[in-house]
Amino acid sequence: MSSRLFRSALLVCIGVLIGQYNSTTQINCSENTDVSSSNKSVHQIRRSNTLSEEEAPILLDIPKSTKEVVINVGTSIDPILPAPEMGPCAKCIAVEPIVGHNIQQHKQLSVVHAAVSEKAGVVSMNVYNNGAESSSLAKPSASQYWNANTGRGDGRTIIVPVITLTSLISAVPNSTQISLLKTDMQGFDFVAIREAGSILKKRVRHIMTEVWMNDHYTYHANNDLCRDFLPFMTQLGYDIANVKESSRSVTYKQSPEQIRAHCEKQLRDTPVRPGVIESAGLDERDAYWVRKDSI
């Protein structure tokens, strides 16, 4: 997982793309307003006034001074924070089902203690790795160092609530821009993105997703860049900006042209998706997507 310095730098770059904040402007932020779904004494429930009560989504009570939010799904204990260029009233909504209670409090941060999938409900989530950082709704594709240490509790399950990405995005008032959506969901990124579909295109310009490369499965799930993400995101109206691998000492980056050529070769060489067991492995990257009308 990237360091907070890298995450902040990422948001600085995105802040340049989506508009600069004028630091000389004096704004009073309502710092006691919390968008946490578990704090209803502060989170006053209200509905959109453009639809009937049955149709209208429940909106978060985000102050009008908050013009931008970032959404970070699967944060572990290190969520991204809004870049300074986004202003002191910008917020991050972090979604973390297992270790959210260990996230350090910050006036620009609120935590939703839930998992995200295609259906809302309650599920048993599998816990893996140090600090539960590899926990997933899916089972691992193979026994490896990060998921097979029973001494630290690998393989145990914790019951967690599940929300959909659609419900989360719908809860952000239209007057507040969702500047960035970042997902790191241990195999369930594509499930969540696919579920959100049209509302994702309507509300979110910049997306960063964890993807798998070269038909390697980390978990029993479909999350491949070439087979899953690239066709879906292209049809949805997003262009891929780059793909980066930053877990090693050197950051490896691919251009859009390199990515498309890579995917064409992968699908040409292996037209049928391989099975999970035969293609178990670890080859994860971060893919950056930009809505076409934002370029």
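User: In this predicted model, is Cys-226 buried or exposed?

Analyst: Cys-226 has a relative accessible area of 2%. Buried means under 20%, so Cys-226 is buried.

User: With which residue does Cys-226 form a disulfide?

Analyst: The general idea comes before the case. A disulfide is a covalent bond between the sulfur atoms of two cysteines. Here Cys-226 is bonded to Cys-263, with 2.1 Å between the sulfur atoms. Cys-226 belongs to helix H4 (residues 225–236) and Cys-263 to helix H5 (residues 256–269), so the bond ties together parts 37 residues apart in sequence. Cys-263 is also buried, at a relative accessible area of 3%.

User: What is the handedness of the disulfide between Cys-226 and Cys-263?

Analyst: The torsion about the S-S bond is about -75°, so this disulfide of Cys-226 and Cys-263 is left-handed.

User: How many disulfides does a search of the whole structure find?

Analyst: The search returns two. Besides the bond between Cys-226 and Cys-263, there is a disulfide that joins Cys-29 to Cys-89, with an S to S distance of 1.8 Å. Cys-29 and Cys-89 link distant parts of the chain, 60 residues apart. Cys-29 sits in the loop between helix H1 (4–18) and strand S1 (46–47), while Cys-89 sits in the loop between strand S3 (68–73) and strand S4 (91–95). The torsion about the S-S bond of Cys-29 and Cys-89 is about -90°, so this disulfide is left-handed.

User: Which accessibility classes apply to Cys-29 and to Cys-89?

Analyst: Cys-29 has 23% relative accessibility and therefore counts as partly exposed. Cys-89, with a relative accessible area of 4%, is buried. Another cysteine, Cys-92, counts as buried at 1% relative accessibility.

User: What is the pairing when the bonded cysteines are numbered in sequence order?

Analyst: For the protein chain, the pairing reads 1-2, 3-4.

User: How should I read a sheet, and what is the strand order of the open sheet of three strands?

Analyst: Strands of a sheet pair through backbone hydrogen bonds, either parallel or antiparallel. In this model, the open sheet of three strands has the order S6-S8-S7 and mixed pairing. Its edge strands, S6 (115–116) and S7 (121–126), each pair on one side only.

User: Which bridges join S8 to S7, and how do S6 and S8 pair?

Analyst: S7 and strand S8 (residues 157–163) run antiparallel and are joined by six bridges. Asn-126 stands opposite Thr-157 in S8, and Gly-121 has Val-162 in S8 as its bridge partner. S6 and S8 pair in the parallel sense, over two bridges. In that pairing of S6 with S8, Ala-115 also has Val-162 in S8 as its bridge partner.

User: How are aromatic pairs described, and how many does a search of the whole structure find?

Analyst: A pair of aromatic rings is described by the distance of the centres and the angle of the planes. The search finds seven aromatic pairs. One of them involves Trp-212 and Tyr-217, whose ring centres are 6.2 Å apart and whose planes lie at 65°, so this pair is edge-to-face. Trp-212 and Tyr-217 are both buried. Trp-212 also pairs with Tyr-219 in a stacked arrangement, 6.4 Å centre to centre with 20° between the planes.

User: What are the relative accessibility values of Trp-212 and Tyr-219, and which residues form the aromatic cluster?

Analyst: Trp-212 counts as buried at 1% relative accessibility. Tyr-219 is buried, with a relative accessible area of 0%. Together with Tyr-128, Trp-146 and Tyr-217, the residues Trp-212 and Tyr-219 form one aromatic cluster.

User: How many helices and strands does the protein chain have, and what percentage of its residues is buried?

Analyst: The protein chain has five helices and 13 strands. Of its 295 residues, 52% are buried. The chain exposes about 14,200 Å², of which carbon and sulfur atoms supply 50%. Among contacts between residues at least 6 apart in sequence, 69% join residues at least 24 apart.

Note on methods
Residues are numbered from 1 along each chain as its sequence is written. This is a predicted model: local features need pLDDT of at least 70, side-chain atom pairs count only at pLDDT 80 or more; totals for chains, interfaces and linings use all residues. Side-chain values use heavy atoms; hydrogens and water are left out. A disulfide is a pair of cysteine sulfur atoms within 2.5 Å. Helices (H or I, at least four residues) and strands (E, at least two) are DSSP runs, numbered from the N terminus. Buried means under 20% relative accessible area, exposed over 50%, partly exposed in between (1.4 Å probe, protein chains only). Two strands pair if DSSP finds at least two bridges between them. Contact means heavy atoms within 4.5 Å. Accessible areas come from the Shrake-Rupley method with a 1.4 Å probe; for residues, only the protein chains shown count as cover. Rings of Phe, Tyr and Trp (its six-membered ring) pair if their centres lie within 6.5 Å; planes under 30 degrees apart count as stacked, over 60 as edge-to-face and the rest as tilted.
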